[in-house]
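Look at the structure first, then read on.

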Amino acid sequence: MNELIAARIVGIENENGKVKTFILDCAMPAKAGQFVMLWLPGVGEKPISVSYVKPLGVSIAKVGEFSGRMHQLKEGAHVGLRGPYGNGFAARKRVAIVAGGYGAAPLALLAEQLKGKAVVVLGAKTKGELLFEQRIKKTGARLIACTDDGSYGRKGVVTDALAELLRNERFDAVCTCGPEVMMKKVFEMCEAAHVECFASLERYMKCGFGVCGQCVIDGQRVCADGPVFASHQLRTMSEFGKTKRDASGREIRI
Amino acid sequence: MADTSTKICGIALANPTVLPAGFMGLSAGSLLRAAEAGAGAVTMKSAGKEPRAGHNTPVVASFEAGLLNAVGLSNAGADETVRELKKAVALCKAPVIASFFGKTADEFAEVAALLAEAKPAMLEANISCPNVHSEFGTPFAFDPAAAASVVAAVKEKTKMPLSVKLSPNTPAMLAVAEAVAAEGADAITAINTVGPGMLINIETRKPVLTNKTGGVSGAAIKPIAVRCVYELYGKAELPIIGVGGVSSGRDAVEMLMAGASAVGIGTAIMHRGLGVFGLVAREIAEFMDANGYSRVSQLVGAAHE
């Protein structure tokens, strides 16, 4: 799994104005919350969440040089790939899923793998940035869409909707992925409600398989021990929601 | 059970396993994790004067017998590393080794003096990174006089025990060891990665690393590391931290018998996980018990008798 393989792009889907899904001719088995290291020769290598399986698909927002070059690729082009890496989300019975922005990519797959037995809170800044709304609906999951500007669904942030859910219903777990400040809030709400929380964290990565130490949060390797961390781990992380490290290893504020 | 403790420059290690520079050691939390996993000593990633992002990813690639890496000396810079090192020294029961590099002998000395403030157990001069030629020129480890000048400059600034990490990629390795010993180096760490090497992906027809070349580590280099340690043993009368391709207790014993007093384990973390330190320490003890050794010192250099 650490060895690089080349995979051909066999399908490209426009998810919204900013996000494209690339389907690869690759049968790599993966579960929701795992990631691959995606290599564009001459451009770079990045950790990317698995968004679809069988065949493997990754959904990439155009935010910088790497993703910009990825968006220029056409069907038939080759990309390099290694993985799948990381632990993925644990299975629980009554699950609430909280997805913020691009965090919807691994969580839409989770909703599919839970066969719709979940409540999904899906948030974005505005209507055009909501990701995988139809895909999540298709799983049969109960969907609560939120936009910060109220252009679609509930007006407000995902944590407002989660507060209501935690007040009115019982859950075995809350699974979340999105901006870290949002996940920190979700975790704190889960703590207050005594519900287990699983958060998929992100850090600058180099090796992807637990040897280089670049992505470590308080001794936990995001690539090999995560990227999904449970409440008992999140509780011990002084850096969660506060600081991360850049390519040099310097601590920077989140 | 046999006593697996060992000593390097008077520093006591509960067992001979050492987390070498460049693996995990970016932060205090990482070093603590390796120490808790059973490492006898842990090494912080090489620090330079200023922060460096290193080479662009991919900087690490694996192949069937190890890893190829060209991280490019990324580090948070001396000031932030000192803060992190202080935390590590306070947290870890195992001795903490502080690795460092510079562009000139004086810069080595300047960084060493800063790191010494954090009171690590030992300093380790990385004069042998194989991936920064274009920026730094030929490694100091290729030239006995240049290597000696680094040690002389560092020793002028701090009396802290100093190990020098050597390169296997030069016929001058033994002469370099003698030169640094003459200037007062206290230990040798051998070896840094081999090569450089290259891996090419044949579908995309491109070298995998952005830097194109990188240093080779892992099982592929174990015989080279064992040979280097064997040749270095007794040569400069310095204790040796033997590094290169060790993943099991048997490998570690082989390195000890070649002449090492402690043994680095890095690439093996990939397959055996962070628990590799505790596992190898136990495997060393099992070998000692099964073969009638009671102390590590009986193994060190045993292949020379």
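The model is predicted. Chain A is built with six helices and 17 strands, while chain B has ten helices and 16 strands.

**Size and form**

The C-alpha trace of chain A spans about 50 × 40 × 30 Å along its principal axes. For the C-alpha atoms of chain B, the box along the principal axes is roughly 50 × 50 × 40 Å.

**Surface, burial and contacts**

The table puts some values for each chain side by side.

| Chain | Buried residues | Accessible surface | Share of carbon and sulfur in that surface |
|---|---|---|---|
| Chain A | 59% of 254 residues | about 10400 Å² | 50% |
| Chain B | 61% of 305 residues | about 11100 Å² | 52% |

Contacts can also be sorted by how far apart the partners lie in the sequence. Among contacts with a separation of 6 or more, residues 24 or more positions apart account for 57% in chain A. In chain B the corresponding share is 71%.

**Charges**

Chain B carries 25 positive and 27 negative charges, with mean positions 4 Å apart.

**Aromatic rings**

How many aromatic pairs does the structure hold over all chains? There are eight. One pair joins F100(B) and F108(B): the ring centres are 5.8 Å apart and the planes stand at 70°, over the 60 degrees needed, so the pair is edge-to-face. F100(B) has 0% relative accessibility and therefore counts as buried. F108(B), at 1%, counts as buried too.

The pair of F287(B) and Y293(B) has its ring centres 6.0 Å apart and its planes at 20°; this angle is under 30 degrees, so the pair is stacked. Y293(B) is partly exposed, because its relative accessible area of 24% lies between the limits of 20% and 50%.

In chain A, ring pairs link F35(A), Y85(A) and F209(A) into a cluster.

Terms used: Residues are numbered from 1 along each chain as its sequence is written. Chains are lettered from A and ligands numbered from 1 in the order in which they are written. This is a predicted model: local features need pLDDT of at least 70, side-chain atom pairs count only at pLDDT 80 or more; totals for chains, interfaces and linings use all residues. Side-chain values use heavy atoms; hydrogens and water are left out. Helices (H or I, at least four residues) and strands (E, at least two) are DSSP runs, numbered from the N terminus. Buried means under 20% relative accessible area, exposed over 50%, partly exposed in between (1.4 Å probe, protein chains only). Contact means heavy atoms within 4.5 Å. Accessible areas come from the Shrake-Rupley method with a 1.4 Å probe; for residues, only the protein chains shown count as cover. Lys and Arg count as positive and Asp and Glu as negative; His and the chain ends are not counted. The place of a charge is taken as NZ of Lys, CZ of Arg, CG of Asp or CD of Glu. Rings of Phe, Tyr and Trp (its six-membered ring) pair if their centres lie within 6.5 Å; planes under 30 degrees apart count as stacked, over 60 as edge-to-face and the rest as tilted.
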